Amino acid sequence: GPCTECSCSSGKEPSKDPSHTKKKGNGDRLSVPKIFFGTRTHKQIAQITRELKRTAYSSVPMTILSSRDYTCIHPVVSNSGSNRNEMCVELLEGKNGKSCAYYHGVHKLSEHHALQAAHGLYQAWDIEDLVSLGRKLRACAYFAARELMVGADIVFCPYNYLLDPQIRESMDINLKGQVVILDEAHNIEDCARESVSYGVTESQLRAAREELDFMVSNNIRQKDHGPLRAVCCSLI
């Protein structure tokens with residue numbers, strides 16, 4: 001029979017309730033879980049959204065979480081290379097008297113149906129669609145995707161958004177009571193290893209050793225900085 005638990009078959013608009021809950025017949029609140037679909041690469045997300053368009057659920061509220069490398073449209077920040085995150089934060093904090101006009105336009109993209117209607121297609125979309133519309137409306141695609149997560153039934157993202165606790169916290173992702181799907185899950189081990197690994201260069205180690213030398217020679221918390229200096233020296 002027809003699906004009665006979600007809005008896709010009835011043609012009704014999805015619930016705008018931020019907590020993503022619906023009322024039971026007796027008035028109690030019934031929590032509706034989100035589906036978090038994790039993939040290894042952003043390219044695979046594009047493939048999956050194309051497949052979603054071919055299903056009966058192509059109009060279900062969705063979003064795609066990705067880094068600023070893929071979604072930032074600020075002309076200066078997007079071309080800055082490796083420090084996009086830092087530059088974005090500085091603009092949001094209003095340092096040097098500058099701010100991001102694109103961030104203030106997030107509300108233009110934050111309605112799922114408004115996003116679909118703008119493309120003339122009530123169906124699933126991809127990162128490129130969101131970025132293209134963001135440029136047209138002068139609205140930040142990065143933060144719009146995060147806003148859309150509130151009312152989304154399905155959230156696409158790379159593995160590390162689900163596995164790395166720091167990313168989960170920064171993106172306000174709560175997996176308790178939700179549905180988690182991991183595509184090609186045999187890659188999870190490598191992703192988990194990367195999440196708890198960190199790479200440094202020899203020049204960074206030498207710079208750290210110089211700073212620690214200064215701390216130790218000036219009797220600044222020698223018990224703490226001495227062992228750290230020894231670690232740097234041994235690695236060098």
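Reply: The model is predicted: local features require pLDDT of at least 70 and side-chain atom pairs pLDDT 80 or more, while totals for chains, interfaces and linings use all residues. Numbering runs from 1 along each chain as its sequence is written, and side-chain values use heavy atoms, with hydrogens and water left out.

The chain exposes about 14,500 Å², of which carbon and sulfur atoms supply 51% (Shrake-Rupley method, 1.4 Å probe; for residues, only the protein chains shown count as cover). Of its 236 residues, 35% are buried (under 20% relative accessible area; exposed is over 50% and partly exposed in between, with a 1.4 Å probe and protein chains only). The fold comprises eleven helices and six strands (DSSP runs numbered from the N terminus, H or I of at least four residues for helices and E of at least two for strands). Among contacts with a separation of 6 or more, 69% join residues 24 or more positions apart (a contact being heavy atoms within 4.5 Å).

Helix H3 spans residues 84-92. Its buried residues are Arg 84, Cys 88 and Leu 91. Viewed down the helix axis, these buried residues fall within an arc of 65°, so they line one face of H3 (the arc is that of the directions from the axis to the C-beta atoms). They pack against H2 and H6. After H3 comes Gly 94, with a positive phi near 75°.

Rolling a probe the size of a water molecule over the atoms shows where empty space is left. Across the whole structure, one cavity of 30 Å³ or more is found, and the volume of the largest cavity is about 90 Å³. On a 1 Å grid over the protein atoms alone, a cavity is a set of points where a 1.4 Å probe fits but cannot get out; a pocket is an open set with protein on both sides within 12 Å along at least five of seven lines; lining residues have an atom within 4 Å of a point. Points are joined across faces, edges and corners, and volume is the space filled by probe spheres set on them.

The largest cavity has 14 lining residues, and those nearest its centre are Cys 72, His 74, Cys 88, Cys 100 and Cys 140. Cys 88 is also one of the buried residues of H3. H3 and H6 (141-148) each supply at least two residues of this lining, and H3 gives the most, three residues. By class, the cavity lining has twelve nonpolar residues, one polar and one charged (nonpolar: Ala, Val, Leu, Ile, Met, Phe, Trp, Tyr, Cys and Pro; charged: Asp, Glu, Lys and Arg; polar: the others, Gly among them).

Met 149 sits in the loop between H6 and strand S5 (154-158) and is buried, at 8% relative accessible area. Leaving aside residues up to four places away in sequence, Met 149 touches Lys 34, Phe 36, Thr 63, Leu 65, Val 155, Met 171, Asp 172 and Ile 173. Lys 176 occupies the loop between H8 and S6 and is exposed, with a relative accessible area of 72%. Lys 176 and Pro 33 are separated by 143 residues in sequence and by 9.0 Å between C-alpha atoms.

Most residues other than glycine have a negative phi. Glu 184, in the loop between S6 (179-182) and H9 (188-195), has a positive phi near 50° and is partly exposed at 34%. Asn 219, between H10 (202-217) and H11 (222-235), has a positive phi near 55° and is exposed at 59%.
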